[in-house]
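We'll hop from one spot to the next, then zoom out at the end.

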Amino acid sequence: MKNIIVSITITLVAIASLTSCNDWLEVDPKTQIGSDDNFQSEQGFKDALTGVYILMTHEDLYGRQLTFGLVDVLGNQYSGFTTNDRNYYQISVFNYESDTAETAIDAIWTAQYNAIANVNNLIANIDAADPLMFENENYNIIRGEAYGLRAFLHFDLLRLYATAPASGGTTAAGIPYANTFGLTVTPSSTVGKVLELIQADLTVALAALAEDPVIPGKVTTSSDNYLRDRSYKFNYYAAKALQARVALYANDKATALASARAVIDGKAFPFVPASQVVVGVPAMVNRVFTPELIFTLNMTNLGTLSSTWLTNSSTEQLGKTPDEYRAVYEVQDDATAADYRFRVLTSEVNGERYAVKLTQPEGIPTTYANRMPVMRVSEMYYIAAECLKDTDPAQAIGYLNAVRRARGILDDLSPALDAAQIQQEIFKEYEKEFLLEGQLFYYYKRVNAATMRFSGAVAGDAVYVLPRPDNEIEFGN
Amino acid sequence: MQKIFTANICKIMRITAAQFILLVLTLSVAVAGDNFAQGLLDRKVSIRIDARTLKDVLTTLENEAQVKFVYSTSALDLSRNISINASDEKLGAVLNQVLTPLAIQFVVKNNAYIVLKKEKEASADEPITDSLSASQLQDVRSVHGRVTDKEGLPLPGVNIMIMGTTIGTATDGDGNYTIEARDGDILVFSFIGFDRYEIVVSGDLVNVVLNENVTQLNDVVVTGYYTRKAESFTGSAVTISKDELRMVGNQNVLQSVAILDPSFRIVDNLDIGSNPNQLPNVQVRGAAGVPDLKGDYQTNPNQPLFILNGFQATIEQVYDLNMNFVESITILKDAAAKAIYGSRAANGVVVIETKRPEEGRMRINYNGSVDIQTPDLSSYELTNSSQKIQAEQLAGVYTSTTPLIQEQLTAQYGQRMAEAARGVNTYWLSQPLRTGIGQKHNVYLDGGDEAMIYSVNVSYNNVKGVMKGSDRTTLSGTAGLSYRYKNFSFRNLLTVDNNNSVNSPYGDFSLYARMNPYWRIHDEDGRLIRSYGNSVFNPLYDATLKTKDFSKYMTVTENFYGEWAITNRLRATARLGVNHSDRRTEYFLPATHSTYANIASSSPEYVNRGQYTIGTGVDNNLTSDIGLAYNVERKKHALYSNLFYSIGQQSSSVTQVMAVGFPNDRMNDISMANRYLEGSSPTGSENTTRNLGVTLATNYSYDNRFLADFSYRLNGSSQFGARNRWGGFWGIGAGWNLHNEDFIRKLRFIEQLKLRASTGYTGSQNFNSYMSVASYSYNTRQTYNGDIGLALQALPNPYLQWQQTQDNNIGFDLNMFGKLMVRGDYYLSRTNSLLSDVTTPPSSGFTSYKANIGRTENTGYQLAVSYKAYTSAARKSYLNLFINIAHNSNRIKEVSNGFKQLNAEQDADKDGNSGNITKEQRQTPSIRLIEGMSTETIWAVQSLGIDPANGKEIFRKKDGSLTYLWSSADQIAAGDAAPKIMGSFGANFQYQSFTANVAFTFKAGGQAYNTTLVQRVENADISWNVDTRFLSERWKEPGQASFYKDIADQTATKPTTRFVEDLNELVFSSVSLMYDLRRVLKGQKINNVRVGFNMNDLARVSSMKTERGLSYPFARQLSFTVQATF
């Protein structure tokens, strides 16, 4: 007791006399880590960045709603909803004012901006940090990923909550582009301004990621294995691919084409070989075509999610009638269907057909498992095709055929297709390729389609623009 | 400065620790003998004389004290009748008591005899030396000596005057003095807080021990850091002595204080009743903050600050404190009084001092009591078997349109009727109850000489609640030691508390209140019936299992005080408090518990039945301060000033694990678990706060007429935002002692009349730590490709600061004829910067953050009147009457948008009929924070009663129209749960050896929502037992005028003014009787024995009839006490 008291006293008084009063009043939580304290080491930056990826795997974000959930429901990738479906019925009929829809839509906004807040705090700290604290290229890579993620996260918000440039132009109200973490409220910017800011962040990201080991020929000298599995991170090509995606959305076809080609020609993401897809043992199928994934999220609960939402046994299953699937994949006869995406990645149970892309059967190789696709290389082919459909239709068709062949489709597209027909083929590809990946709705919105397939509703901004939360509107956003 | 402090503290600590060991080793032999070097006047005498002549008294004293009195029989009236009763008191004190009223003065001559003379002889005109020996002719010479208190600590700054002259000096830092005087001169020693002392000079050395003015506790205000003379203090503070505390109860300190001072309010909680393991919710002068709706606070946001022996204490420590160990309690209410506690003081400060050891031969003091608690079920009015069956029939329980079911129901009805006819009428309420018989024991011993004084206190307190098996046992030991080294003096207090709180295995009392009376407890074979069908289980069966539900803590507190008298006016003090607590809670239910009765053996959860939860916690607190005290009295000016620097750290951490799978109650150890609770992992939290402060407190008085107080504290805390770490808190007070003005003095009947006024700012900060900093937390449940990630926890607010309360107070103290004492205060407190959630656009990453927005205002008055209706020294009897009244009104002036949103969310929940909240919550008014209203406003929709035509309730909408539909938009302020006026009154009576005290408490002018009527009548679930009014008063047929809605209507009755009732209440709170056995025991070794008897909460008259004690019943309390001194 005596020693304890004496030592406590000495410590206490030593602290009080050696440090200033304000330092003494600076207390760092133990079960939590003070932000300033965390960013004293490289590990803190790594952990904060990992934290952002984990936030993105939340079901309100890319863990469900922004991949196979809400966005695919909006894109009519599923059918057969009844008023008993508590989660998605109101969303499937675009009744955004209903309680269930509003709750889901508000949650996406809030969670996405929460991830952005985490990125912003990381960026603020890494910009102020000493690069020498980091091993080799880690400083630049972490910084590049953070800037890239900020652009990525904002872009999806823009695609959901603001009018598309094709409909409202670039001067329409956009979203707040939050680039600081704190009490200051970021006002809403126009769509054009947000697109500009996204490209600006991407420029920073691409510069910082120039030495990304994902780029063929670049070899990491880091010993800590931090730069493993780059497709799990927002790597150089993810930034490039996003650049293409954003440019096409903004109808800047030159940039879109250049960026898409940069990814394709980088050859870092080859098409999946048939040998990984057409295999007898279902567990051994490479369901998400891993070699093609530019950016994918690691989700250890993917199997549970898939069986909760995407099977017949669940109460709120997301599926489509077999006929609808056949229409989408242009299949006459299931037995002879060539397209892997139908043959292998959908499965019929009790008169409904379900996507099994995300199913995690027992024995699935770890190299295929627990990957939620976010960006894949095929989209770059589609973007290139779309950019070239007017100026060089043959090359455009060539890009589309490349994907079709990789999917097992034996018949190439006719080289005589006109621009409109090419666009129609691109649409069909989005529909087939991005099942469970959420991109179809964004396609409809980007081209400002007047109708959506399998939907009786007239599409338009009432459908394409989700309402932002009331507590956001309250602040003038 | 700090380095010096370090060195000193370390040195002091080493000495302290060494002394401790010494104390423990030598305790048994450390019995001090009589001090043979004592002066005549310090000799101890015990004398007891009733109405005999002065001459007799003096003769007795001569024998008792072995002294000689010298006096002139012609000058003194020796035939006056006198009564005196002294036990082990100093002769000087006894003589003062006897002679002062007779205007006779006494002086010691040559340390051999005592001269008595009429007081006027000692005036300046007639030097007392005149008639005395030849010593007057001697030359003036240097007399020196040392002045100490009874503990032997030197007293610096003691005023010494030669009587009849203006020659004077004061003691230096060591208590030493030198004065030029002659033999035979009388030296007068005076010092604040001590009795005046006179001694005749004989010889060069005159050492003096001053007696602390303990009998005049009320004349001193104890602030926890220092004491101030009450006469010159301008703050609003109430001091309660140990005797007053005991007069009104034997339960716990909080309960007694609440009876004695109505501004100290224990907020009603009908739920927890008299559960000994539930800490009360306390507030002083109303609620400055808003209710903790979101768990932002560490404790009740309105809880006052408790200071125990100078160091911050938890409400639990105070609750478990043995009342017999308490010396005094001071409640600091206004800014002038509490500003020294800065950012912690806004809710008021309660300063508790425990007994201080006294010098002398060892005394042993024993206090014991047997405490009996009996359940008070008078508020319950439940149906009996036949009434219940009748009620069920009326409610349509036994009717069905399906013939097959009708057949079954008829059979069931027949069975139940048969049971009732057989006399089955189980009184379930009494099943889990008992008469709790607890015990308290307290042994205190102290003694020592002027160099070292020791004390040891051992307390045992066993509270037995009225539910079987609900116990709270506290065992505490305290060792105190005071000692002196040159002009340093030290005091050390080491306390160990061990508490064990066990909750009743019978579970929640409401489980019994709802059981139907026609159910038997045992079957024909005498075995407990487990189930009554439909998932209804016998709660008594669960009570037979070896469940566990307890918590325990062990606290070690070390308090150290050091004082260094630098000069005669300047003293330096240092204090160090270290506190360490270990806590543990365990909760265990085996698989056989009825909670799990519905899990089928085929279910995978079957093996996971049974649950064990263990929580452990550690608290470590450290407080230290160093201070300087400067006192100066010169001519008519008196200045007392204290400056201190304090530093502290409070940290606490808790961890909890939950395991499942305990097949039976013999496997009652967590190590036998099947697994952890699915999806759970160890949880825990940690909190560390640090604070720093510099405080200046000054009291100035001019001629004891004009008074002023000024306190300032510069306070920093880690809980506040980086931009707002430091805050200044202050209080100023002014006072005017009118009774010292000639024009009042002439009135004669006014003995005291003081006017006081004060204002100032204090803060409160008991919200959770870390709200102001950006912090990350690891997500331990998910990895990302093998890596672990961090997530931001909240939007930090670097501007976050304490809640600020501005207190304005005016008051007066009046004493007329020495009989009527009146104390009045009026206050206005404004609290700003309430901690609240402020909503922010979610694009900032979070939907809200903590900020200081919101204001409340409390105004009120307090009046305390006491009247000595009868006093007779001769008969040793008196009768005192007292009444205390307090009024407080609370207003919310501003709330944040976060609270507005919360109001809206709650309203939306109430409007709905399913989802987020339970039926019970839907039936209870919500706490809505609306500007201009009180935080305790009861919100309900205005009701016009039940439509006799259809049994539906008619509501009046805000626009005046009528409707059957309840809407949250129509809610009005239907009442205020805070009473308009509350108080206490009573009497203290003594006749010779017998004393009696009674106290009543009352409250009036408030309202309450009668949830009993809602839940057991209006919305009663007929499958459970109901209030008798369910049967008699519900609407049953068209045309019937009824207070209650249609008996067949099962929907939730949402808050309606129909159930808002006025709550006026008078409680017979306490009665205590005490008998002093001294006369009986005369001549025995025991000095003093008193036996007594206390009762609490004897009776209650209320304007509202509602069930009280829902989860735990209320109890009536009765204690038998014994006090003995050896």
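Predicted model: local features only at pLDDT ≥ 70, side-chain atom pairs only at ≥ 80, totals over all residues.

**Stop 1: the hairpin**

Stay where you are and colour strand β36, residues 775-784 of chain B, along with β37(B). The two pair in the antiparallel sense, over six bridges.

Now go to the turn. Two residues sit between the strands of this hairpin, and N785(B) takes a positive phi there, near 55°. Most residues other than glycine have a negative phi.

Next, look at how β37(B) is covered. Five of its six residues are buried, so call the strand mostly covered.

**Stop 2: a sheet across two chains**

Which strands make up the open sheet, and in what order? The order is β1(A)-β36(B)-β37(B), three strands with antiparallel pairing. The edge strands are β1 (33-34) of chain A and β37 (787-792) of chain B, each of which pairs on one side only.

**Stop 3: a threonine with contacts in both chains**

Jump to T839(B), which lies in strand β40, residues 835-839 of chain B. Is T839(B) buried or exposed? It counts as buried, at 7% relative accessibility; the cut-off for buried is under 20%.

Show what surrounds T839(B). Setting aside neighbours within four places in sequence, T839(B) is in contact with E474(A) and F475(A) from chain A. The contacts from chain B are T847(B), S848(B), N897(B), G898(B) and Q901(B).

**Stop 4: two asparagines in loops**

Select N76(A). You'll find N76(A) in the loop between α5 (70-74) and α6 (89-92) of chain A. Phi of N76(A) is near 55°, a positive value in a residue other than glycine. With 7% relative accessibility, N76(A) counts as buried.

Then select N704(B), in the loop between β32 (683-702) and β33 (706-717) of chain B. N704(B) has a positive phi too, about 55°, although it is not a glycine. At 22% relative accessibility, N704(B) counts as partly exposed.

**Stop 5: an enclosed strand in chain A**

Back in chain A, select strand β7, residues 371-376. Six of its six residues are buried, so β7(A) is largely enclosed by the rest of the structure. Bring in strand β4, residues 293-298 of chain A: five bridges join β4(A) to β7(A), and the two run antiparallel. For a facing pair, pick F295(A), which stands opposite M375(A) in β7(A).

**Zooming out: chain A**

Chain A has 22 helices and seven strands. Its radius of gyration is 24 Å, close to the 23 Å that the globule rule gives for 477 residues, so chain A is as compact as a globular protein of that length. Along the principal axes, the C-alpha atoms of chain A fill a box of roughly 85 × 50 × 45 Å.

Of the 477 residues in chain A, 60% are buried. Take the contacts in chain A between residues at least 6 apart in sequence: 70% of them join residues at least 24 apart. Colour by charge and you'll find 37 positive and 56 negative side chains in chain A, with the centres of the two sets 5 Å apart. Chain A exposes about 17,400 Å², and carbon and sulfur atoms supply 52% of that.

**Zooming out: chain B**

How many helices and strands does chain B have? The count comes to 16 helices and 55 strands. A compact globule of 1126 residues would have a radius of gyration near 32 Å, and the 34 Å of chain B agrees with that. The C-alpha box for chain B is roughly 125 × 70 × 65 Å along the principal axes.

In chain B, 54% of the 1126 residues count as buried. The accessible surface of chain B comes to about 46,700 Å², with 55% belonging to carbon and sulfur atoms. Finish with the charges: chain B has 111 positive and 108 negative side chains, and the centres of the two sets lie 1 Å apart.

Conventions:
Residues numbered from 1 in each chain as written. Chains lettered and ligands numbered in written order. Heavy atoms only, no water. Helix = DSSP H or I, 4+ residues; strand = E, 2+ residues; numbered from the N terminus. Rg over C-alpha atoms; globule rule 2.2 N^0.38 Å. Buried < 20%, exposed > 50% of the residue type's maximum accessible area, 1.4 Å probe, protein only. Contact = heavy atoms within 4.5 Å. Areas by Shrake-Rupley, 256 points an atom, 1.4 Å probe, with all protein chains shown as cover. Lys, Arg positive; Asp, Glu negative; His and termini not counted. Charge placed at Lys NZ, Arg CZ, Asp CG, Glu CD. Pairing = 2+ DSSP bridges.
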